Amino acid sequence: MINVKNLSHDFVMGKRGQQSTLPVLRNISFEVNKGEIVALAGRSGSGKSTLLNLISGFIRTTQGEIWVNDTKVTDLTESEFADFRLQHIGFIFQNFQLIPSMTAYQNVELPLILNGESASVRKKRTEETLQKVGLLEYRDHYPSELSGGQQQRTSIARSLILNPPLILADEPTGSLDSETEQELLQFILQLNKELGITFLIITHDDEVARIGNRTVHIADGSLTQGGTI
Amino acid sequence: MKFKDQFRFVRQNMKKNKVRVFMTVLATAIGCAFLIVLASVGFGLQQSIVKDMLEQRAVTQIDIYGKEEDKGSFSQIKNEDVDYFESIDNVKAVTRRQRLNQEPVYKIGDYNTGASTYVAYFPAEMKAGLELSAGRLPEKANEIVVGYNFVESLYSTTAPPNDIRDESGNIKEEYKYNDDLVGKNIDMKVTQLKEGKEESSTITLQIVGITKKPTREWARDQTVFISESVMKEIEAFTGTPRGMVKPPNDDIQMPEQDPNAYDEVKIYANNLEAVDGIINQLDLNDYASYSVVSEMKQINTVFTIAKSGLIFIGTIALLIASIGIYNTMTMAVTERAPDIGIMKAIGANPRVIKRIFLLESSYIGLIGALIGTVVAYLISIAVNIAIPFIIESAFGEELPETLQFSAIPLSLVLIAVGICLVVTILSGLRPARKATKMDVLKAMRREI
C-alpha cells in the first residue's frame, strides 16, 4: 500500500540569501502492506510528522520516491495529488481539523461534495457513515458542541466517507482522555478488520503503537527499527 | 465539485460576514450606478437628437441637389438623371418638382391667400406616399390639387390687413373659409414687372383634390400642384422661366434657369438599410445628395466617442469600488485560511478553491451591478423629470418636449454589468490565487 524508497528531506531555514538547510529525514525506506496497521513511533522532533506530511503530499521532496496504492505520488502535481488524496487517502488529525462553521453532518459530507456526488447519494452515505460512528443523533451539532471523542469520530467518519484504502492518522488520540482513547483504538481495529483499511498511525504513545501489526521506529530522521535502513 | 455546491459554499461564506459584504456590495452598486448614469446622459442626448431628426424628415428620403460638372459647379437634375435614379436598385420612387418662382395669389369667392406652387409628376408622388384626403388627381390642364392645410390659409378679403390673425398667428375664426374646396373654381393671379409697372394675369383653375393630412403633428401642407401647361401659360405671360419676376433694375442679372430641369428631386428608398447603398452610388456618379441617415451616422460617431469617454470615466468609479472587493476577498481568504487548509488536506483541488473565491467576488459584483442598475434607472427618471423643471424655473426657458437628458438602453446595462463583472473578477483574482497557493500545514495550524 505504501512504499517509501530512499526518502530524504531537508528544511530550508532563514531569510533569503542567508538560508541554511536542516536535514529532517535521511535515506528512509519502508513498506506498509495492504490491510496492515503500522505505527510510526518516535520522540518529538524525530521526523515522524514530516514523513507523514511527505506521504500525504502536504510537503514535497525531490529526494527519494513514495508510492501509495501503486501510484508514484512524488511525481504528481499539486492538483493531481489533491485528487489522489480525495480518492485514496483518509486523514485523522490530532486536533480533529473539523470546519467550525459546519455541522457534524456537513463536515462528514464535505469529501462527497468535493467528489461531485449527487445530493441523494450524499444524504444516504453521510447518514450511513454517521450511523457507523454512532453520531447520527449529533448530526446537526457544530464541532464546538461535541466532546473530543465525538469530534474525533466525526473526523473518522469524514475520512471514511469515500471508502479510501488508506488512512493516515497523526497522533489520533493526542487530544483524548484514556477512556475515549481506548474506544477509538477499538474502532480503528474494527475498521481494519471489517473494511480492510490500511492504517499508518503516527504516535509516541506505546498504548497506541501496540494495536499495530508492527511498529516502525524513527529517531533523528532515520528509521531505527521496523523499516529498511 | 458541482457548480451548485460551489455557489452554496459562497452563499454560506458570505452570510458569515454580512456587514462587510453589504458594504462591498454597496460600493460596487454606487460605482455601477455612477457609470450608468454618467453614460446615460450621452445616450439620452443622442436619442433626443436622433429622434428629433427622424421626426423632421423621412428616413428613406434622399434629397438630390444637383450633379457636379466641374469642381464646385453643379447642374440641375434633368430627365436623364431621373431615369438613372430610377434604375438604381432599391429605389422606390423618384419625385421631381418644378417650382413656380413667385408666390401667386389664389382667390376663391371673397377669400384669398398666397401659396407655394409646384408642377409635380403625380405617379412618382403617389409611389412615394402622397395620398389624397378628398377628390382625385388632376386629369385636365386647369385642374389642381391643393395641400391639406391650404384651406386654413384662406382669409376673407374684407378683413382689415392688421386684424386677420390672432395672437397665435392663426387666421381669426370670423375670417376663415368654411366651405368645401373640391370642385370649386379658384383664380390664380401671377404678376410681372413690365417696363417698371406691375402687371398681372389671372388664370382660373379648378380644385379637384386635397392631399392627406401630414403625418407629423407640426407639419403644414399649403402647397398647390398645377399642371405643366399652366406653368407654360404663366411663363408665356411673365416671359421668364418658372414665372420668375424680373428685377426692377436691369443691372441685376436674372439667375439662369434650364426650362427642362427640376428644382426639387427626392429619391425614396425601399427601406432604411438601402439608403446607404443608394447614397454610395450617387456619390460615385457625382450627385450631391443629403439624407438624414448620413447625418445620423455622423452624429452617432460623435456620440459613440462621447459615450466611450463617459463609460471610461464611470469605470474609474468601479475601479475604486474594486479596491473594496479586493480588501473584502483578502480578508475572507485570511479568515478562512484554516478551513481552506482542511479542505485542501482532505482533497479539495486548488482549482476548486480558486473558483469558489472567484465566484464569491463575481457574485458580489453581480449583486452590486444589479442594485446599481436599479438605482441608475431611478436616478435617470428623476433627472429627466427634475432637470427640465429646474432649467425652466431658473432660466425661464422652455425645453423641447423630445429632449431627454438621460436614457438607459439595454446595451448600456449590459456594458455596465459586463465591466462590473470583469473588474470584480480581476479584483478577486489575487486573493483567490493566494487561497490556492496556501500552505496546507500552516493553514491548519492557523499560522496564516
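Two strands count as paired if DSSP finds at least two bridges between them. All views below show a predicted model.

**View 1. An open antiparallel sheet in chain A.** Four strands of chain A make up this open sheet, in the order 2-1-4-5. Their pairing is antiparallel. Strand 2 (20-32) and strand 5 (71-72) of chain A are the edge strands. Each of these pairs on one side only.

**View 2. Strand 1 against strand 4 in chain A.** Strand 1 of chain A covers residues 2-13, and strand 4 of chain A covers residues 63-68. Five bridges join them in the antiparallel sense. Ile2(A) stands opposite Val68(A), a residue of strand 4 of chain A.

**View 3. Helix 1 across the sheet strands of chain A.** Helix 1 of chain A spans residues 48-56. This helix lies across strand 1, strand 2 and strand 4 of chain A. Its direction is at about 115° to strand 1 of chain A.

**View 4. The crossing of helix 8 and helix 9 in chain B.** Helix 8 of chain B runs over residues 292-335, and helix 9 of chain B over residues 337-345. Their axes come within 4 Å and cross at roughly 60°. The two helices of chain B are therefore oblique to each other. Helix 8 of chain B contributes Val333(B), Thr334(B) and Glu335(B) to the contact. Helix 9 of chain B contributes Ala337(B), Pro338(B) and Ile340(B). By type, the contact residues are four nonpolar, one polar and one charged.

**View 5. Two domains of chain B.** The domain assignment gives domain 1 of chain B as 3-55 + 298-444. Domain 2 of chain B is 94-268. The C-alpha centres of the two domains of chain B are 61 Å apart.

View 6. An unreviewed UniProt entry lists "domain: ABC3 transporter permease C-terminal" at residues 311-439 of chain B. This span is 84% helix and 0% strand, with its end C-alpha atoms 41 Å apart. UniProt, again in an unreviewed entry, places "transmembrane region" at residues 21-45, 305-326, 363-391 and 403-429 of chain B. Residues 21-45 of chain B are 100% helix and 0% strand, and their end C-alpha atoms lie 36 Å apart. Residues 305-326 of chain B are 100% helix and 0% strand, with 31 Å between the end C-alpha atoms.

Notes. Residues numbered from 1 in each chain as written. Chains lettered and ligands numbered in written order. Predicted model: local features only at pLDDT ≥ 70, side-chain atom pairs only at ≥ 80, totals over all residues. Heavy atoms only, no water. Contact = heavy atoms within 4.5 Å. Axes fitted to C-alpha atoms, helices over the stretch in contact; angles between N-to-C directions. Parallel < 35°, antiparallel > 145°, perpendicular 65-115°, else oblique. Nonpolar A, V, L, I, M, F, W, Y, C, P; charged D, E, K, R; others polar. UniProt positions renumbered as here; feature names shortened; annotations may be inferred. Domains from an automatic or database assignment.
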